[in-house]
Amino acid sequence: MKKLLLFVILIPFWTFAQNKITPQAVVNLMKENVTCDWAETTVDVFKVGDPDTEIKGIAVCMFADMRTLQKAVEMNCNFIITHEPIFYNHLDETDAYANYPVYNEKRKFIEDHQLVVFRFHDHIHMTKPDGIYAGMIEKLGWQNYAVNDEGRLYKMPEKKLSDFAGELKDKFGLQTVRVIGNPDMKFTKVGLAVGAPGGARQIQMLNLPDVEVMLAGEASEWETYLYANDATTLGKNKAVIFLGHIKSEEAGMDYCVQWLKGFVKGVPVHFIENDANFMTF
């Protein structure tokens with residue numbers, strides 16, 4: 001009778017222990033489900049928090065800014081998966097910010113709410129299909145226009161640049177888009193360069209004969225902006241539309257949520273959309 005009683009008491013404890021889901025366990029599943037090898041040198045690591053914390057909910061985002069972290073707490077999510085850095089530089093190096101109030105208050109908020117933050121950048125791009133591009137292509141509705149399987153070049157029905165820019169502004173809910181080129185220019189060939197790959201790569205794409213309009217994220221104004229402006233002045237049938245870094249990749253992190261739900265069970269997974277980084281007047 002005593003053995004039976006002990007068995008009955010231990011069953012719930014054993015079940016609870018087995019059902020505990022941690023950020024580390026989720027990341028281990030992510031490593032199993034990407035199609036690439038996990039790189040030894042990568043920014044895709046835990047940035048802050050205890051990876052063995054029990055997960056209440058998962059929030060996925062582009063930028064883990066303060067507004068996003070606050071929303072995550074309101075949604076009872078304590079594990080944050082972010083595409084871009086949380087502490088203001090690519091490697092999240094924080095020594096320079098040790099005495100900065102903004103950094104310290106953000107860090108305190110994270111610690112007070114026992115949040116765990118993991119960056120998922122390199123491997124969502126390295127897996128096949130590239131998750132960021134897959135999400136963006138789905139959002140744009142360009143599946144039938146792809147020139148090849150790489151997700152960078154598209155051939156679509158003829159459009160006018162000003163009309164195309166307006167369509168994108170509405171689709172992404174933007175207050176404004178930056179456009180370089182002749183507003184009346186007509187085109188069919190489009191290149192997609194999300195995020196911030198750098199001026200050299202953007203200029204290389206814009207120079208391709210298969211690209212008349214490049215849809216880009218962000219760039220230094222003395223690189224891609226200057227090249228595109230010179231191309232316009234010289235009468236080339238070239239143009240660039242800048243969506244900004246967030247909106248040029250964010251749909252990929254929404255896609256990431258659906259990908260995670262395919263193998264992460266037992267905890268809610270939410271996508272949090274970032275607010276705009278700046279206001280326009």
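Predicted model: local features only at pLDDT ≥ 70, side-chain atom pairs only at ≥ 80, totals over all residues.
**Notebook: cysteines, α7 and a helix pair**

I started with Cys 77, which counts as buried at 2% relative accessibility (buried is under 20% relative accessible area, exposed over 50%, partly exposed in between, with a 1.4 Å probe and protein chains only). Residues are numbered from 1 along each chain as its sequence is written, and side-chain values use heavy atoms, with hydrogens and water left out.

**Cysteines.** How many disulfides are there? I get zero, taking a disulfide as a pair of cysteine sulfur atoms within 2.5 Å. For Cys 77, the closest cysteine sulfur is in Cys 61, and at 10 Å that is too far for a bond. Cys 256 is in no disulfide either, with the sulfur of Cys 61 as its nearest, 10 Å away. I also have Cys 256 down as buried, at 1% relative accessibility.

**Helix α7.** Helices here are DSSP runs of H or I with at least four residues, strands are runs of E with at least two, and both are numbered from the N terminus. I looked up which residues of α7 (residues 161–171) are buried, and got Leu 161, Phe 164, Ala 165 and Leu 168. They sit on the same side of α7, because they cover an arc of only 100° around the axis (the arc uses directions from the helix axis to the C-beta atoms). After α7 comes Gly 173, with a positive phi near 60°.

**Thr 176.** I found Thr 176 in the loop between α7 and β6. Thr 176 is partly exposed, at 38% relative accessible area. Skipping neighbours within four places in sequence, its contacts are Lys 169 and Thr 280, contact being heavy atoms within 4.5 Å. From Thr 176 to Ala 165 I get 9.4 Å, C-alpha to C-alpha, at eleven residues apart in sequence.

**α3 against α4.** How do the axes of α3 (residues 66–74) and α4 (residues 101–112) cross? They come within 11 Å and cross at roughly 15°, with axes fitted to C-alpha atoms over the stretch in contact and angles running from 0 to 180 degrees between N-to-C directions. That makes α3 roughly parallel to α4 (under 35 degrees is roughly parallel, over 145 roughly antiparallel, 65 to 115 roughly perpendicular, the rest oblique). Met 66, Leu 69, Gln 70 and Val 73 in α3 meet Lys 106, Phe 109 and Ile 110 in α4.
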